Amino acid sequence: MSEGQDWISVLPDEILHHILSFLTTKQSIQTCILSKRWIDLWKFTPVIDIQMPTPYPETTPSERTFIHNTLTQHQAFKLHKFSLDFSYEALYAVANVQLQHYIEFAISRQVQILSVSIELLFEYHCYVLPNVFYSHDNVPSLEQVSLKGFLFNPNPPCDLPFASLKALCLFDCAIDDGTLKGLLSNYFPVLESLTIDLCHRLLNFKASWCQSMALKHLVVRCMDNPGFNLEIDSSSLSSFKVYGNSVKISVSSLSSIAEATVFRSRYYLSKHNFDTRTWLRNLAHVKKFGVDSWFSQFLAREYEVNNNGWKIFENLKVFAWFGPLRKECDLIALIDFLVHCPSLEKIEIDFRFSFWEEAGEHRPPFALELPFVENSGDGQPTVGFLDNAKKIIIHHFFGYKSEIEFIKHLMQKAVVLETLSLTYHRLEFGPKLVSRGYTSCPPKELVQDKIFSLSTASSNVHISFHDTYHKLGF
């Protein structure tokens, strides 16, 4: 092929369809102007991804008919993925093509992954999930469903189970305890992954509601459900993640659980003390454990009251930490916990400010420099070493004092450490944010010098330093 010739257009249709599937549908359609070869390619892509974020008053007539025209012209017999993402106002803007028709279209094309998302203004604006969702005779291949902003019928007209559905995500949906229990108990026999995210009407959830299926992975995120009760009591579970300050957790002693993550903003002594001790003991066998600042606060409190650490996580191989550390006493308690995990091989750290970012929120990496409260005396030294920790990965590092102190303690304890990998995110705040007390991150060179000058217990450690730059508030 001569230089300058269009080598992409000569690729087989199947490959071009696959390439187009990584674009939104609007972007895919725009490729038709490239040449005659591309005019009809978008009509056969296995993915339809339509995003309508524009508020109602700003939508144009062409935007209001875009979905109708797209579905009318699309000719693929089967769809791998069908995704619609609306603002609530934009949903009204395309009211001439009802939501039920969109779902019917996806079902008629034997879709594998169905995702419909409505960005809500208020909880009571939830859109009623059409009954056609439950009429699924034509989608034996439906494997994943993600729904946002829907109101679930407490008595769904569902005659047959979703025989192939393996993953279900409910985000910001209006669904109560009884309705969810009924759906999980009767209609999803092979469900393996369940995500319940900000479903405010839920007051209770029991993993055993899914006992009739092989549920392996559970994610529960709830910030504003006061008194929400979560029971991890299903013997099929291999991993779970919990996000939320007010969640009351109960964990049965289940040997099947290999990974557990619990994120809270802080540790509340009056609410969580007894319960925390109980379910932590029932997780002592896990191989991966993820936590944030509540855990170090809990450990420090245990030292203060009982003069005793937690030395029962003998199988832990991977420890994941999220968020800042604000007190030296918390840091010392956390390091002592880690040195008493004899199987620990890998430590992952993310210093971002909010655990909602870890949950998938798309925003620039963010952290604030908070005061690091040092002990007034020498503090209680930790005894022992990280005898098997070979790798420390720090995904989001901002160069603040508390972060460097954390890394320093780990380096002094990890006697066989082979790799320390850091990604430095330098944040520069604009004048308005600086006037509100925000402090920009230190220069890369200064932070890099501090890291490479830290003393290490291991003589074979390789330090890998990467950096990015972000401007905020300009």
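**Briefing: strands, core and an F-box record**

Leu 230 stands opposite Ile 249 in β13. This is a predicted model: local features need pLDDT of at least 70, side-chain atom pairs count only at pLDDT 80 or more, and totals for chains, interfaces and linings use all residues. Residues are numbered from 1 along each chain as its sequence is written, and side-chain values use heavy atoms, leaving out hydrogens and water.

**Strands**
- Strand β11 (residues 229–232) runs parallel to β13, and 4 bridges join them. Strands pair if DSSP finds at least two bridges between them.
- Strands are DSSP runs of E, at least two residues; helices are runs of H or I, at least four; both are numbered from the N terminus.
- In β13 (residues 248–251), Ile 249 and Val 251 point to one face and are buried. Buried means under 20% relative accessible area (1.4 Å probe, protein chains only).

**Nonpolar core**
- The largest nonpolar core holds 125 residues. Such a core is a set of buried Ala, Val, Leu, Ile, Met, Phe, Trp, Tyr and Cys residues joined through side-chain atoms within 4.5 Å.
- Phe 82, Phe 205 and Phe 319 touch the most other members.
- Helix α10 (residues 328–339) gives the most to this core, with 7 residues.

**Helix α6**
- Buried residues in α6 (residues 99–108) include Leu 99, Tyr 102 and Phe 105.

**F-box record**
- UniProt, in an unreviewed entry, lists residues 11–50 as "domain: F-box". UniProt annotations may be inferred rather than shown by experiment.
- Residues 11–50 are 35% helix and 10% strand.

Conventions. Buried means under 20% relative accessible area, exposed over 50%, partly exposed in between (1.4 Å probe, protein chains only).
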